[in-house]
Amino acid sequence: MHLHHDSPFGGGTAATPQPRTQNADLEAQKPPLQQTPRQRGVSAEAPPVPSTALPFTLPLRLSSISGPTYVTAQTLIQQVSHTLSDHIFTYSPPSFDLDVSLRQWAAMPSKNTFGFTPSLSPPMETRTGAASLALGYIFSADFDESKRHVPQSILASTASLVQMRPQLDTLVRLYGAANPVVAHVAAADYVANAAGGKGALTADYAGVLDVAADMGLACVASGDAREAQHMAMLATLIARLGGVPSIHMWDGVRLGRETSRVVDALSAERVGAVYRAVEREVDVGSTVSAAASEEEKGARVEKVLDALNEELGTQYGFFEYSGHSHAETVLVVFGSVEATMGAQVAASLAKQIATKVGVINVRLYRPFIEESFLAALPSTVRNVKVLGQVKDFTAVRDPAVSSKLFADVLAAICFDPSRQGVVVEDAKYAREEVWTPAKIATLLAPTSSAENLELVDLSDVKQFGFWALDDSPIATAGTTATPLALARFLSSTIPASYQNVTVQIGFDNMIQGGIVRTDVRCSKKSIEAPYPIQDADIIVVDDEKLLKEFDVLASVQKGGKMLVKLPGLKETIEKAKDEEKLAQLEKRLPEDVRKEIVDREIELFVLDPAAIIKDDKETAEEATLMQLAFLDLLQPEAPTEKLSDFTGFSPKSVEGLSNDLENALRHVEIPASWGTVEKTEEKQIKVNKLGRQITVNSFVPSDREEQEPPNLLRDWTSVAKGIAFKEAYGTVQSPRPDLSHLTYTVHVKTKKRLTPSAYDRNIFHIEFDLGNSGLQYNIGEALGIHPVNDPTDVDTFIKWYGLDPTSIVEVPARADAENGLESRTVFQALSQNIDIFGRPPKRFYEALSEYATDDAEKKTLLALGGPEGAVEFKRLAEVDTVTFADILLDYPSAHPPFAELARMVTPLKRREYSIASAQAADPSVVALLIVTVAWTARGKDRFGLATRYLDSLKIGAPVAVSVKPSVMKLPTDPGAPIIMAGLGTGLAPFRAFAQERALRRARGETRVGPAVLYLGSRRLREEYLYGEEWEAYLDAGVLVHVGRAFSRDQPYKIYIQDRMRQTLDNIRNWYLKEGGSFYLCGPTWPVPDVTEVLKEALMLEAKENSSSKRFDGMREIERLKEEGRYVLEVY
């Protein structure tokens, strides 16, 4: 029994440390921030949760957007949506903040250009059919027809747009009777396994282009914040006047969230006026029909763009050329950041080394007007490279896959007689590829050395890079965080030099628990640099550990400055003898960093906040000190007293810190000895470092609140109090309070081995009696088994580790971590909650090293937890398959207290298995088909936790289970054919399918569709799983065909795809002619082969219908998947 209890004394709210001020009353009466025209509209008060999608992470009033204004692209897009929409449907994933400004403006309603306040949907989730609500609203019976001409807007990410395909298809077909619809799409998605094996946020254009091309939607792109406002208007106007729904796309990872100054931002009133003027110019009464040809729609869109250019004084085109006037090589680009960067690089190459290259920015991808494209292409071109994005690196390597843009460009050039001989190359790249000016230059001029060229003119731009752990004082002070406060200070206090400021913030939550890099650029002129800083004038490093993880110095220019925070260093140096001073500093800086400082002639400054700030909780004070140190390096004469406007400190407090700065800041004289690292040593050090950039995988800092505090060992007295005084302690007794899933207790009813006892694979059928548990499940769902560790192994570990199995350990409840604690014995914790016999991740080795008392063991553990031990870590994990317990045994000097060990080891997770029964056939049981997992490593027998646990259960034994939904669902029409393909234990869900179809036939239902089964195993005699049942179903007509593939029963291998190919005509009939559904369950390896068979059936069907010329097998497969007629459950 476990106990879940609260403190009887209640909880309180901890006081938040406040910045030190001289007079709190005067501070409370301080006037609001005085705003310059450059900062107009930026509120002096931070929102409850600052968002990097807002300018300087501050909210912006709608009425303040006009003229010179600091904005983000996403803010301007939301302004256009608010001004030109009836209803705005938002699909913003958590932390993307695509609608953060709209929700703030909704608190102060204002009318749009149509004379009413637009309505805003609640935040909606991304799922299949995501746009159903929007479609239902537009075509509802009670829709106000007086608003039929008013656009409807959708704000979404790429992942959300992809899920809207069926609804967009319907919208296109009914567009003549619909409102204008525009989707503003942030090209952003999360890729779990990006380069380097880490997760990353990527600008996903490929998904947007796929939807636009397949659905026939107009699609435009923007390359900076100013363009984002204009292109949002253009997309809305196309939706209104062009006879087709439209998409406006921008880079949602970088461009959409970069703070920048737009000198001519349009007010909401001006946006509305331009919209009305274009309507009049294009003649709204002659709107193009949704059924118009591509040529007619293209001509109409061209007229809309011309009218918009006339109103704005701009020169946007469908295809915009930059570079040499007689270019021989041209790069064609669609993608906001890449297009901007490409135009800059092409112009630089043409100017500096007379390279005949150019770039075409595809502003409007759909409709793709071939005549306009060819007109933009110089007549001298001999080689066209298409920079087109594809899904991943697998697609990059696959010669059969090309980018969408490549197909359009190739067609346009091939059908132009005057372009014969022009070579078109598909320079495709994966979504996670990060482009820099140097990469673009290599693509444009591969034979020219661009190392010494100035690819982008940043001569008048000052660049600053800030590196910090995301919980450090300079990063956690909200809008007063060091980079943000400095950016606002420079733009308003020293406008002569820093009139234009850009700020870009990126988070990598997979390194050091979470780090943040902030890039700040300042210039007198507007700045277009849509890529991370690579040649900073000053870099600030808030934690010395970052110097060991990243090649930070590679991002600072030669002769630049580096400011490093080294707490405790100055005090140590002051107390040391002269000859020891350098040694103390050298211990804190890695050897390769010291050498690079010499090689790149970098000025080094160290800041020791502890020298003057004695309270380590004064985070805002430390952030302000860092700001003062930075300004001392940049511009010592800067009016630092005005820094108080951006820090929350009084001018007197800032002055006090400024006067003390010399006691904390030191300019280091670099000794020549730092530059004497041997080349071989330097190379070895460098190879283990990450690059000069972080991998952006989040828009917010890591949520350290999710980390559980250390477990507490208790005695039985505290538990007894909880039992005796339940009301006072809020005690709740529960069988498994540690589980976050809704669990049920069921009991083993039957267990039967299906393979011979002498066979090397133990596959068994197990049924559980549901009793009065209340468990209900649907056909095809999975049963989650919550296993426990083997009690003998647990006892052995407890004795070896020197634990008392009856001691009480207390940890926060996983399901309710804020309000309650769980109490359980050490034995219970190791049996049910702590995966002590599971596989340890890298972070465990690093954490364990802190407890190692043996230097050699500590060094080895640290290596295994870092990049240098990657090979050995992989061997331990994949060959030796070591467990947490093994590592503790291997390194006996590392012996953390059990309370700490319980925090370091990952919790046990449920294992899920497809249910092999239909509850409608027998409401009292649930069945599983299990194969035990066993192997030998390190001379020991190893077992899969859950399969060993299930195999050990006796009849009547209780088991904690939960239900997980699945994609394996029967067709809604019981008369539709079902084709099932299962390998090994992948037959489980199909036993349930067959039981359900048999039950319908037994009830006398007349509409029961045919069921077909293809099964694969090794041998007929040993592994014909449920063979008697399949034969009985075949005799009874429940199954109309069983294709048996036993791979090892003959000299040559036979697999399920072979049996399928033998009955291809039947598959065509069941699957395609009769509208059946296909299901595959089992391991992943046969998926490509099975898919190929289905493609063959589709091709034959297409040929029979005389449509093979337009046949695209993979597109048809994707269509079937979207319709739920090709269902995979593979592992």
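This is a predicted model: local features need pLDDT of at least 70, side-chain atom pairs count only at pLDDT 80 or more; totals for chains, interfaces and linings use all residues.
Strand S9, residues 218–221, is joined to S15 by 2 bridges, and the two run antiparallel; strands here are DSSP runs of E of at least two residues, helices are runs of H or I of at least four, both numbered from the N terminus, and two strands pair if DSSP finds at least two bridges between them. Within this pairing, Val220 stands opposite Leu364 of S15. Residues are numbered from 1 along each chain as its sequence is written, and side-chain values use heavy atoms, with hydrogens and water left out.

The strands S9 and S15 belong to an open sheet of 7 strands, ordered S4-S3-S5-S6-S10-S9-S15, with mixed pairing. Strands S4 (119–120) and S15 (364–366) each have a single partner strand, so one side of each has no neighbour in the sheet.

Strands S20 (461–469) and S22 (515–523) pair in the antiparallel sense over 9 bridges, and Leu469 stands opposite Ile515.

Which residue does Trp467 pair with? The partner is Phe550, in a tilted pair, 5.4 Å centre to centre with 50° between the planes; rings of Phe, Tyr and Trp (its six-membered ring) pair with centres within 6.5 Å, and planes under 30 degrees apart count as stacked, over 60 as edge-to-face, the rest as tilted. Trp467 lies in S20 and Phe550 in the loop between H18 (545–549) and S24 (556–565), so the pair ties together parts 83 residues apart in sequence. Trp467 is buried, at 0% relative accessible area, and Phe550 is buried at 1%; buried means under 20%, exposed over 50%, partly exposed in between, with a 1.4 Å probe and protein chains only.

Elsewhere, ring pairs link Phe844, Tyr845, Phe873 and Phe884 into a cluster. The charged end of Lys842 sits over the ring of Phe873, 5.7 Å from its centre.

Terms used: A charge sits over a ring if NZ of Lys or CZ of Arg is within 6 Å of the ring centre and within 35 degrees of the ring normal.
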